[in-house]
Amino acid sequence: MCGATEGGLSLEGIDVKKEAIIQGQVVRASSNGQSDPVGNAYVRLLDRTGEFTAEVPTSATGHFRFFAGPGDWTLRTLAPKTEPVDTAVNAEIGAIREVAVHV
Amino acid sequence: MSRETALVTAEWVEEHLDDPSIVLVEVDEDTTSYDKGHIRGAIKLDWTTDLQDQVRRDFVSKQKFEELLSSRGVGNDHTVVLYGGNNNWFASYAYWYFTLYGHQDIKLMDGGRKKWELDSRELTDELPERETTSYTAQEQDTSIRAFRDETVAAIGVKNLIDVRSPDEYAGRLLAPAHLPQEQAQRAGHVPTSLNVPWSKNCNDDGTFKSDEDLLALYAEVGIESDKETIALCRIGERSSLTWFVLKELLGHESVKNYDGSWTEYGSLVGVPVALGDEPGQADGQSA
């Protein structure tokens, strides 16, 4: 996996080789069977012990990004009118982990 | 100060949107958040330009602060209600900053912007118009602001609370994980500082935990209220939140925020640094 997701957040100016990146998009199933981006969600990054490490609001297109360290992490996604969703993810230096979160 | 005087709920703010004695102020780490939508009537303060000297690393002067608030229509008699993103990190910073310059009536909206959004409350892009005022600030109250020499002297003597995430404290990360990790300063923490991440003060929705839970949290790690405390993080904004909890919610007598925080301490020549999850000895050696 390399490069940012098409339509995602720009990685311009960031030395990707030195970062352990976790990024992705929060989506919600719509009535027509498609997935709609959720632009007013909050994604929390929890460390291997479950402790909070960082949080970002999603962009208008539902995208988010973290610069984590190598290892195991959990994404906890909060969105209006829905229960929090936890997603496990592993990160490593020089790699970009793409995660799709469905709320 | 107490929870009743220092904190208001999102519901309370919604009920007081048309109260002329109140000025809502949004302060965010992401300084574009306000422009994408804000609570009706709220003004914006940009922490990078409005609240920082643009040459030296320091706050704006008393005179500049007076000019800022006067131009934005904030008067000495107004009740200032602050809110912002990141669980009120920068709103807490502004709360501490306003207190530093002696504003009398100031409150934080519990949960900040996140709670407001998760409640699906209304945001607008309409900009408020406010009449200018003639604001008078006080000299900085340095009983709530710690500087580097005092922080170094506090090693092994005072309560030092490092409120960064465990991975930043241990030296495994150099910045909060939503920021790139390449940084100039050394990794680690001030020896003997205890790691109580700011997030332990808050629920997932950004609201503060109950006084009972907060008292238990600090009792468990051995933060004594009768001992002087210095809180620090990376640049002094998350530690403002912990300062708010200890000083304003729990009523600890002497609590200072070290706004130089790790970006200053971790760049100092010759000071001890501890690595790993334990506080370490005063000289920086592991226990």
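1. A residue is buried if 20 or more other C-beta atoms lie within 10 Å of its own, with C-beta atoms placed from the backbone. By that criterion, one of the 11 residues of helix α9 (residues 211–221) of chain B is buried, so the helix lies largely in the open. Helix α9(B) is followed by B:G222, whose phi is positive, near 85°. The structure discussed here is a predicted model, and the remarks below should be read accordingly.

2. On the overall form of chain B: its secondary structure comes to 11 helices and 10 strands. The radius of gyration of chain B is 19 Å, close to the 19 Å that the globule rule gives for 287 residues, so the chain is as compact as a globular protein of that length. Along the principal axes, the C-alpha atoms of chain B fill a box of roughly 55 × 40 × 35 Å. Of its 287 residues, 47% count as buried. Among contacts in chain B between residues at least 6 apart in sequence, 76% join residues at least 24 apart.

3. Chain B contains an open sheet of five strands, in the order β1-β5-β4-β2-β3, with parallel pairing. At the edges stand β1 (7–8) and β3 (43–44) of chain B, each with a single partner strand, so one side of each is left without a neighbour in the sheet. Within the sheet, strand β2 (residues 22–26) of chain B pairs with strand β4 (residues 79–83) of chain B in the parallel sense, over five bridges. In this pairing, B:V23 has B:V80 of β4(B) as its bridge partner.

4. The domain assignment of chain B gives domain 1 (3–140) and domain 2 (143–265). The C-alpha centres of these two domains of chain B lie 22 Å apart. Where they meet, 21 residues of domain 1 of chain B are in contact with 18 residues of domain 2 of chain B. On the domain 1 side, the elements that give two or more residues are α1 (3–6), α5 and α6 (112–118) of chain B. Of these, α5(B) gives the most, with 10 residues. The residues of this side divide into 10 nonpolar, seven polar and four charged.

5. The largest nonpolar core has 64 residues, and those that touch the most other members are B:V25, B:V81, B:L82, B:A94 and B:Y95. Helix α5 (residues 85–100) of chain B gives the most to this core, with 10 residues. Domain 1 and domain 2 of chain B both give residues to the core, so it lies between them. Leaving aside neighbours within four places in sequence, B:V25 is in contact with B:A42, B:I43, B:L45, B:V80, B:V81, B:L82 and B:A94. Apart from this core lies another, of 29 residues, among them A:I22, A:L46, B:L174 and B:A177.

6. Finally, the contact between the chains takes 23 residues from chain A and 21 residues from chain B. On the side of chain A that touches chain B, β3 (42–46), β4 (52–57) and β5 (63–68) of chain A each supply at least two residues. Strand β4(A) gives the most to this side, with six residues. The residues of this side of chain A divide into 13 nonpolar, three polar and seven charged.

How values were computed
Residues are numbered from 1 along each chain as its sequence is written. Chains are lettered from A and ligands numbered from 1 in the order in which they are written. This is a predicted model: local features need pLDDT of at least 70, side-chain atom pairs count only at pLDDT 80 or more; totals for chains, interfaces and linings use all residues. A nonpolar core is a set of buried Ala, Val, Leu, Ile, Met, Phe, Trp, Tyr and Cys residues joined through C-beta atoms within 7 Å. A residue is buried if 20 or more other C-beta atoms lie within 10 Å of its own, exposed if 12 or fewer, and partly exposed in between; C-beta atoms are placed from the backbone. Helices (H or I, at least four residues) and strands (E, at least two) are DSSP runs, numbered from the N terminus. Domain bounds come from an automatic or database domain assignment. Two residues are in contact if their C-beta atoms, placed from the backbone, lie within 7 Å. Ala, Val, Leu, Ile, Met, Phe, Trp, Tyr, Cys and Pro count as nonpolar, Asp, Glu, Lys and Arg as charged, and the others, Gly among them, as polar. The radius of gyration is taken over C-alpha atoms; the globule rule is 2.2 Å times the number of residues to the power 0.38. Two strands pair if DSSP finds at least two bridges between them.
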